[in-house]
Amino acid sequence: MNLLEVIADGFADVRTHAGRTALQTLGVVLGVASVVGTMGLMAGERQQSLRYYTESGGVLKVMVWPKTVENVRSSAREMASRGLTLDDVEAVRASIPGFDLVEPKIGRTLLVRSARASKSYYITGVAPAYADLHELQVERGRFVSQDDVATAGTVCVLGADRAREFFGSEDPVGQNLRLSDHLFRVAGVLRYREFYWNRSDSYNALGWMNEVIVVPVTTMQVRVVGAGSRRIDEIGLRLASVKTHDASVPALQRLLTNRHRADDFQVYDRQDRIQQMNQQGKVYDFTFLACGIISLVVGGIVVANIMLASFTERMREVGVRKALGAKGWHVFVQFLVESAIVTGLGGAVGLGVGVGFVHGIAYLLDQTAVLTPAMIAAAGLCAGSVSVIFGLYPAVKAARLDPVVALRYE
Amino acid sequence: MSEMLIELGGIWKTYDTGEVAVDALRGIDLVVERGEYVAIMGPSGSGKSTLMHILGCLDSPTKGSYRLDGEEVGHRSAGRLAVVRNRFIGFVFQNYNLLPRASLLRNVELPLLYGGLERERRRIRAQQMLDQVGLGDRGKSRPNQLSGGQRQRAAIARALVTEPALLLADEPTGNLDQATGGEVMDIFDALNGCGQTVIVVTHDPQVAAHAHRIVRIVDGKIAHDQETRAA
């Protein structure tokens, strides 16, 4: 008698115990569903965060902002500090390796006028690298160029919302825009950007990119602030690679502290944020996964329990089969086929329920659902091992049963 | 092919119950020829069930030799005993022992499945057997849809489907009323009439009366062995 026939017989046997098989399957379904569900939700949460960081300039972005010293206990030195200056930028460029971009930003609120509108807005004076740093994308025309910075050219680049506000449906590129008393030529318009954390969220996390008005940093310094001023409002830096982070960022902090002799700046560092996020994510992942695995084990115990309960009921049957000539392995395979069916069916249905669960929760909570093949494989593996482990014991026990004992069993 | 189907020589069966060793069989010598119709009788606790288990290769003797169809089978492994049961022995039990959730046809087919017969031939052969016991149209029924007599007839069909050398029945009428029990015994008589070797284990003298030879077991030994009529 070949293996296929024995397996077919096992299938026929399971069909006659549909109710019992369904119960066992339910155990595996719940286990697999909870593993898939929790993993999917956790991964979705994480992926959304990573997407935001990538879309807004990646994980290599480091910002330095001046901090207003309002503390009454602030020292004279702190009061005397001149804040961030162009000299800081030069010093960082000269002495701290590991950053491939170090750019100053100077901003002022100015009255902006066109034929269509007139309103005060914060104008950002930057270098060309600013676009790379923040992932600004040019829709039409061009961004501020190195040439613009060298010549302190009177050109500007508009965010999508500002372009519409000041020029309506006309193409703003090449047109004039008055900033305070100066006439600027519009060199380019940025692409419209959006990112919502939830689908029902009304806050566009990338909305500021649509609302910027960008000019060359030198133009801002010479024509607006006054050529003598060295003060700047922000230093934007980009790490050359993730590896340089641990050396470069503390070095930056030390350098600025030494130069200012005051705590009048703050460093915003995405690596830290992401590491923190990952750390938290790990804790959540572990907790949720542990819950999932516990339910899987419970499912396995359900399988084993029902198998053992039905085992006594089936002892006579095993005895009869053996009297008719069934060998140990026939009985073993028959029992194992049942486990395999329970696993396969339970795993598949559990996967379906889990995926549905993830999407349902994601829909209700406006989260993003993510399911990777690795997760599906992991859930399948869990279901398989649980069912084999818990199904093997009754199968071995049945196979070794003495036919006389089994037949006599009432 | 040997004339002697069964040759038991000095069979002992000892059950080790932990503190006391119980001798269920104490030196059984028994020879059964092909075509015989034997009733094994004895009070409960006499060891007749143990003897039946050994005759049926469900159990191995502690001591002694058992030659079935000329081959020593007394001390084979569990797996090889399963093959012997499948090829040489057909069982009929008091409580039928049909698989409750399988159809009659499937029940009758089962020994052929373990014997390795292919599907088509299994079906045909099992159907033939059901036809022979008058249940040809009940192949799809479950055992619990049948009367006791019908169930026992199905069990007989299952026992004979592999054309075994020995039909071994354990109180085959124990769960049946007088009339139905009589019908079952008539089947055994007819089978024996066609040359089938039949051994019936019973304590019912009326059942034993159908056999041509009565072997009485008392305290694990053969107390009496008697031909009741010419075979």
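The contact between the two chains draws 20 residues from chain B and 17 residues from chain A, two residues being in contact if their C-beta atoms, placed from the backbone, lie within 7 Å. The model is predicted: local features need pLDDT of at least 70 and side-chain atom pairs count only at pLDDT 80 or more, whereas totals for chains, interfaces and linings use all residues. Residues are numbered from 1 along each chain as its sequence is written, and chains are lettered from A and ligands numbered from 1 in the order in which they are written.

On the side of chain B that touches chain A, α2 (78-88) and α3 (104-115) of chain B each supply at least two residues; helices (H or I, at least four residues) and strands (E, at least two) are DSSP runs, numbered from the N terminus. The largest share of this side, six residues, belongs to α2(B). Its composition is 11 nonpolar, six polar and three charged residues (nonpolar: Ala, Val, Leu, Ile, Met, Phe, Trp, Tyr, Cys and Pro; charged: Asp, Glu, Lys and Arg; polar: the others, Gly among them).

Chain B contains an open, antiparallel sheet of four strands in the order β2-β1-β4-β5, where strands pair if DSSP finds at least two bridges between them. Its edge strands, β2 (21-33) and β5 (71-72) of chain B, each pair on one side only. Within the sheet, β1 (residues 4-16) and β4 (residues 63-68) of chain B are joined in the antiparallel sense over five bridges, with G9(B) opposite S65(B) in β4(B).

In chain A, helix α8 (residues 217-226) has V217(A), T218(A), T219(A), M220(A) and Q221(A) as its buried residues. A residue is buried if 20 or more other C-beta atoms, placed from the backbone, lie within 10 Å of its own, exposed if 12 or fewer, and partly exposed in between. The cover over the buried residues of α8(A) includes β2 (99-113), β3 (118-126), α6 (146-151) and β8 (213-216) of chain A.
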